[in-house]
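Trainee: Before we start, could you put the model up so that we can go through it by question and answer?

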Amino acid sequence: MMITRNELDDVAARAKRRFPDHKVDIPFRVCLPVYELRLKVTEVAEDELSTPARFVLHLSSLKVTQPADIGRMLGMSQNYVASAAAELLAENLVTQSPDLSIGITELGSQVLRDRGRTRRPRNKHIRIPYDPLTRRMLDTDVEKLLDRDHVKKNGFFIPPTNPRRPRLSSIRIDEVRDYERFYGRQRDKVEILEVSDIKDVRLKYRNDVILVKLDAVNTDKSLFAAYQAQQYLEDETASIQRLADRGADLVPDELKSQQFSNWIQPQAVSREETNLLKEIDDLDQEVAQTERDVAEARATQGTTQDSHERSNLEARIKALESDKLELKQMLEEKESRLVSITEGQIRLIKTEEHHGVLLTAIGNAGSELTLVSAWIDPYAFDDEVCRMLAAAIGRGTHVRIAWGFGVNKRGAEASRNREKGNSVLSKLRDLVPRNLQEKLTVKLAETHEKFIICDDRFCAWGSFNWLSYRGDVDSGYRRETSSYSERHDDIALWKARADELFR
């Protein structure tokens, strides 16, 4: 994967905003070491009882307890009955008395209610990426790691980190569970109980990290910041900084003599503004949760007959109302401060506000409209959006759409996402006159970014998928927020990112 100058510029600008007391020296790509571990684990997986065991369990629930009676009723030999009983005993679904009679347990009754489905332990080998710098599992697909030959062939720079091989005691089972839950296949019905051995260790490399070297003003001290795409990696940064403080040479030789003084970036969103946006988001979420708690408490008022319970419930509602009032006051103060320092040009977009912002962008765009969304779905990219986009193109607007995270992978889900997106885009193209088709640019990109840019009017970026989710307050509601800015520095920054994405 090639890192472009625009991406380096973008990361350098972000590092400058995060560390305003330092001067950006060099941003550069690195390959950080990762151990690919092959672990032996014990997991509990959903399984089904054998047919004989299921029949024996059913008869035991009907008080047919003697093996001879069970064999006669099922037409099975004693060996078959004994084998089925052994299977049930191993699962603690039945008990057996000295006279060999079988009694069903509570767990056995539950398995019967679940139509013979049970959970069984089994040993398995899985592959996990382990970061020796931060000493934790990496949130990345092990298939995307590079081997040494690939790194050397492409001339990637490997910092001298001297990675330590992990021991079994270094492996945290909760991290293994989280990794397998996200990257494993059909893991929703599997629970890992134990990691018993490390069967194999291979040193590989991740090539998605950019290091930024910053110099403290008027001193000879340097600071290193690690970024994955536009995300600041706090743990990796701390680990790499420790290496630098011990004297490790973390800068490639070919970059040491170069001057990067031309990297004087606009400040764009400052640290204070970023903190305020996060605080506003957190407070807004707390207010919403408190309102839900109040509503739930009020809903139970009429269901209790006990005076003590009613008194406690009324006290709880009163306390919640007081908390809500305090939180709203804090929220208003933070929003007022943000308006003051940004002159009202930056704000937070709530989940349910996004679709309206999208329609405003489409309706007002004059020269160029950029829409970047990980996925496309006709639920959000509906007929109204198609007609409005076609109308925007008709009045001369260049519309750019980037989408497609994961749609090039194999599998039913990727295929469905690809079909939904292509179907909607085909409908849009049919609405655009042939002589204006060049005004529509569609890029199938492996990007998880979500942002929009409307001319030089405004830009918005965050976790909201503009073209696959409407944000309606309904049963499918999920909280997704974005930052909105009308400031030229922010718009220029996101335009540079968009230009690189569409190149």
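The questions below go from the whole chain to single residues.

Trainee: What kind of model is this, and how are residues numbered?

Mentor: This is a predicted model, in which local features need pLDDT of at least 70 and side-chain atom pairs count only at pLDDT 80 or more, while totals for chains, interfaces and linings use all residues. Side-chain values use heavy atoms, with hydrogens and water left out, and residues are numbered along each chain as its sequence is written, from 1.

Trainee: What share of the 503 residues is buried?

Mentor: Buried means under 20% relative accessible area, exposed over 50%, and partly exposed in between, with a 1.4 Å probe and protein chains only. Of the 503 residues, the buried share is 45%.

Trainee: Among contacts between residues at least 6 apart in sequence, what percentage join residues at least 24 apart?

Mentor: A contact has heavy atoms within 4.5 Å. For contacts between residues at least 6 apart, the part joining residues at least 24 apart is 77%.

Trainee: How far apart are the end C-alpha atoms of helix H10?

Mentor: Helix H10 covers residues 271–299, which is 29 residues. The expected span is 1.5 Å times one less than the number of residues. That should give 42 Å, and the computed distance agrees because the end C-alpha atoms are apart by 42 Å.

Trainee: What covers the buried residues of H10?

Mentor: The buried residues of H10 include Leu276, Ile280, Asp284 and Val287. Their cover includes helix H11 (307–342), strand S9 (346–349) and strand S15 (482–485).

Trainee: Is Gly71 buried or exposed?

Mentor: Gly71 lies in helix H3, residues 67–74. Leaving aside neighbours within four places in sequence, Gly71 is in contact with Met76 and Val81. Its relative accessibility is 9%, so Gly71 counts as buried.

Trainee: Which residues is Ser239 in contact with, leaving aside its neighbours within four places in sequence?

Mentor: Ser239 is in helix H8, residues 234–245, and is buried, with a relative accessible area of 5%. Thr161 is 78 residues from Ser239 in sequence, and their C-alpha atoms are 9.6 Å apart. With neighbours within four places set aside, the contacts of Ser239 are Leu133 and Thr134.

Trainee: What is the phi of Asn162?

Mentor: Most residues other than glycine have a negative phi. Asn162 is in the loop between helix H6 (148–153) and helix H7 (173–183), and at 67% relative accessibility Asn162 counts as exposed. Its phi is positive, near 50 degrees.

Trainee: Where is Glu343 found, and what is its phi?

Mentor: Glu343 is found in the loop between H11 and S9. Glu343 is exposed, with a relative accessible area of 69%. Although Glu343 is not a glycine, its phi is positive, about 55 degrees.

Note on methods:
Helix = DSSP H or I, 4+ residues; strand = E, 2+ residues; numbered from the N terminus.
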